[in-house]
Amino acid sequence: MDGTVTVITNPTVSVRVTSTVSSFEVNRRFNRSVTIAEFKSKLEMIVGTPAACMDLDLFSTSDKFLQKLDDNEALLGSYHVDDDCRIHVTDRSGAQSGEFTDLSKVEKFEISDDAYEKRADSVRSFKKNMRFGRFNEENRAKQEEALAKKEEEEMAAADAITVGNRCKVEVPGQPTKIGTVMFVGTVDFKTGHWIGVKYDEPLGKNDGSVNGKRYFECEPKYGAFVKPLSVTVGDFPEEDYGLDEM
């Protein structure tokens, strides 16, 4: 061996970038062979400050100030820039911190509902022309008719159910449950007619009360409210699910 030492320098360096116009810190890797002028152009895409309005300060990995990067013709690698150093961008264009991230400072375009209704290039106008959603009177009429029909069916089903009836509850996606009808009528927490059921086992969701209002009495987890069409009354003996067995 000839005793010589070869120093190999990584051609790239990973640095932390901060600026006076943002509270965020980002990590980026740069080529050491770029000039400071080229480096500023790359930073412009990160912090939003024009390259011509940048002052760059180099800080160590422990955030101790080292020097200014003020020679646009010098290479980035000619400065003591190591991995995890911080380069702080000072914006001389007059931009303030948070200007690009604080949406409360952005002037918003506002338009009255009447003026918006008259515009021919709005989303609402497009939906009207294409007869989408609520602007499709034919589909809307069909939906209202179907809803009215279902409400009539639920009311008829509710009229056929009496408090005290034994019943079977079948809700799509749930197991069949057996219980006793405890309530028939309307409720405060939802529209339409509802049936309050006390299940034979703790397979319910409440104790007969919802949002502080009591509709019937039962133990916690034994009560539930279901739509009339999900309830079938009949001679259903009490089932034992074995939930109380050890």
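Q: In which strand is the place of Thr180?
A: The model considered here is predicted. Within this model, the place of Thr180 is in a strand that covers residues 177–186. That strand is S7.

Q: Is Thr180 buried or exposed?
A: The relative accessibility of Thr180 is 16%. Buried means under 20% relative accessible area. Because its value is 16%, Thr180 counts as buried.

Q: Which side chain does a polar contact join to that of Thr180?
A: Residues that Thr180 touches include Gly164, Asn165, Arg166 and Cys167, residues up to four places away in sequence not being counted. Gly196, Val197 and Lys198 are also among them. The polar contact, at 3.0 Å, joins the side chain of Thr180 to that of Arg166.

Q: What span should the twelve residues of helix H1 have at 1.5 Å a residue?
A: Helix H1 comprises residues 36–47. The expected span is 1.5 Å times one less than the number of residues.

Q: What arc do the buried residues of H1 cover around the axis?
A: In H1, the residues Ile36, Phe39, Lys40, Leu43 and Val47 are buried. They lie on the same side of H1, because the arc they cover around the axis is only 100°.

Q: Which strands are included in what covers the buried residues of H1?
A: The buried residues in question are Ile36, Phe39, Lys40, Leu43 and Val47. What covers them includes strands S1 (12–19), S2 (22–31), S3 (54–59) and S5 (86–91).

Q: Which residue takes a positive phi just after H1?
A: Just after H1, a positive phi of about 90° is taken by Gly48.

Q: Where is Lys227, which forms a salt bridge with Glu154?
A: The closest N and O atoms of Glu154 and Lys227 are 3.2 Å apart. The pair links distant parts of the chain, 73 residues apart, with Glu154 in helix H4 (residues 137–159). Lys227 is in the loop between strand S11 (223–226) and strand S12 (231–233).

Q: Is Arg16 buried or exposed?
A: The side chains of Arg16 and Glu25 meet in a salt bridge of 3.4 Å, N to O. Glu25 counts as partly exposed because its relative accessibility is 41%. Arg16 has a relative accessible area of 8%, so Arg16 is buried.

Q: How many salt bridges does the count come to?
A: One of the salt bridges joins the side chains of Glu217 and Arg214 at 3.6 Å, N to O. Salt bridges that share partners join Arg16, Glu25, Asp63, Asp84 and Arg86 into one network. The count of salt bridges comes to 13.

Definitions and conventions:
Residues numbered from 1 in each chain as written. Predicted model: local features only at pLDDT ≥ 70, side-chain atom pairs only at ≥ 80, totals over all residues. Heavy atoms only, no water. Helix = DSSP H or I, 4+ residues; strand = E, 2+ residues; numbered from the N terminus. Buried < 20%, exposed > 50% of the residue type's maximum accessible area, 1.4 Å probe, protein only. Arc of directions from axis to C-beta. Contact = heavy atoms within 4.5 Å. Polar contact = N/O pair within 3.5 Å; in protein donor to acceptor, adjacent residues only side chain to side chain. Salt bridge = Lys/Arg side-chain N within 4 Å of Asp/Glu carboxyl O.
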